[in-house]
Amino acid sequence: MIDPEARNALRECLGARIEFDAQLSRHTSLRMGGPADAIATPADREELCALLGLCAKYALPTLVIGAGFNLLVGEEGLRSVVIRLKKLRRIERVSDDLISVEAGASHATITRFCIDNALSGLEFGAGIPGTLGGWLAMNAGIGVREMKDVVREIKIVGCEGKRVSRIPRSMLEFGYRELTGLPASAIILSAKLQVEESDRAKVQSEIDRLLAHRQSTQPTDTPSCGSVFRNPPGQFAGQLIEAAGLKGSSVGAAEISSVHANFIVNHGGATASDVLQLIERAREAVERETGIRLETEVQIIGRSPGEDS
Ligand SMILES: Cc1cc2nc3c(=O)[nH]c(=O)nc-3n(C[C@H](O)[C@H](O)[C@H](O)COP(=O)(O)OP(=O)(O)OC[C@H]3O[C@@H](n4cnc5c(N)ncnc54)[C@H](O)[C@@H]3O)c2cc1C
């Protein structure tokens, strides 16, 4: 709970752009997640820094999220001020081969910008739902290309909102679906991404090809968080789960997708605890069959179901 003095200060700073005791299920693609102490959507960078300053002053934990496409949040919610950057979404071309993108820009806006300006290089992101901030934090990608291949520098702000730093690509450490080595709780503000001039129809047709492939291989019309598990070296988690006979296995309204076994879908009303049970079921079955222990790719945040508050 946020005490009344801190609440007033936050409300004075953000007005209607902060909601207290707000449900996270409205902000996750799995449509799950209990209340956060507050969800803030700052209007611009200055307001974000002021918000971070207040959170530091009142010792309120913060968590920045993107569009929630890779999050599993428990029903118990989160004792944090959750920060969404969707109003920081400017994209501009800064040179022949670089665009500057703010962290809250969505995959759809970035893709549209590239098509409209006939820029190639980011087609792979068209079907990876989220925001630039989430793409970078997760080193999002497909087999052939990831964010690490296109980012040239990022700008971050420290958790107290006081210092903005520019970090060149050479100082960034990307791993499999992760970006490590940033200062603790740093928030990505923007990035410069490498592109190249191309032909608009060519860019569009590559995007169409990639999206059509997804439509035929993934359950794109049912709420999910994308791949639940990381692929073990040289293997595909989905194939291992399918081979263990778990396609279509369910707990409540959560189901290991019958289209792609590395996706868990919410048919309506599933809870995080249902999903966690399926995660354990898949993990145990695959370990039993193959000796491989699957690691989650989805970010599990908040208190686990059943944990004392
Ligand atoms: C149908 C579907 C298909 C998918 N396919 C793919 C795929 O092919 N490849 C792939 O890689 N992923 C895929 N995903 C997963 C997801 O799209 C990516 O992980 C994406 O990067 C999530 O972006 P987001 O903005 O929604 O981040 P969120 O899910 O909101 O957050 C993810 C992480 O990023 C951190 N974060 C977000 N913004 C910032 C910021 N500004 N500064 C610091 N940290 C930040 C959050 O704290 C969190 O730890 C898929 C998901 C779905 C639902």
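Analyst: Val 251 stands opposite Ala 254, a residue of strand E18. This is a predicted model, in which local features need pLDDT of at least 70 and side-chain atom pairs count only at pLDDT 80 or more, whereas totals for chains, interfaces and linings use all residues. Residues are numbered from 1 along each chain as its sequence is written, and side-chain values use heavy atoms, without hydrogens or water.

Strand E17 covers residues 250-251, and E18 covers residues 254-256. Helices (H or I, at least four residues) and strands (E, at least two) are DSSP runs numbered from the N terminus. E17 and E18 are joined in the antiparallel sense by two bridges; strands pair if DSSP finds at least two bridges between them. Together with E19 they make an open sheet of three strands, ordered E17-E18-E19 and paired antiparallel. E17 and E19 (264-266) are at the edges with a single partner strand each, so one side of each has no neighbour in the sheet.

Elsewhere in the chain, strand E15 (residues 187-194) has two antiparallel pairings to describe. Strand E7 (residues 98-102) is joined to E15 by five bridges, and the two run antiparallel; here Leu 98 faces Gln 194 of E15. Strand E11 (residues 151-157) also pairs with E15 in the antiparallel sense, over six bridges, and Ile 156 stands opposite Ile 188 of E15. E15 is mostly covered, since six of its eight residues are buried (under 20% relative accessible area; exposed is over 50%, partly exposed in between, with a 1.4 Å probe and protein chains only).

The helices may be considered next. Helix H1 (residues 4-14) packs against helix H2 (residues 45-57) at an angle of about 175 degrees, their axes lying 10 Å apart (axes are fitted to C-alpha atoms, over the stretch in contact, with angles from 0 to 180 degrees between N-to-C directions). In this packing, Ala 9, Leu 10, Cys 13 and Leu 14 of H1 meet Glu 47, Ala 50, Leu 51, Leu 54 and Cys 55 of H2, contact being heavy atoms within 4.5 Å. The buried residues of H1 are Ala 6, Arg 7, Ala 9, Leu 10 and Leu 14. They span an arc of only 165 degrees around the axis, which places them on the same side of H1 (the arc of the directions from the helix axis to the C-beta atoms). Their cover includes strand E1 (18-23), strand E2 (35-40) and H2. On the face turned away from that buried side, H1 carries the exposed residues Pro 4, Glu 5 and Glu 12.

On the H3 side the contact is made by Thr 111, Arg 112, Cys 114, Ile 115 and Asp 116, and on the H5 side by Arg 200, Val 203, Gln 204 and Ile 207. Thr 111 itself is buried, at a relative accessible area of 11%. Leaving aside residues up to four places away in sequence, Thr 111 touches Ala 126 and Ile 207.

Asp 21, in strand E1, has a positive phi of about 50 degrees although it is not a glycine; at 40% relative accessibility, Asp 21 counts as partly exposed. Asn 139, also not a glycine, has a positive phi of about 40 degrees. Asn 139 lies in the loop between helix H4 (132-137) and strand E9 (141-142) and is buried, with a relative accessible area of 0%.
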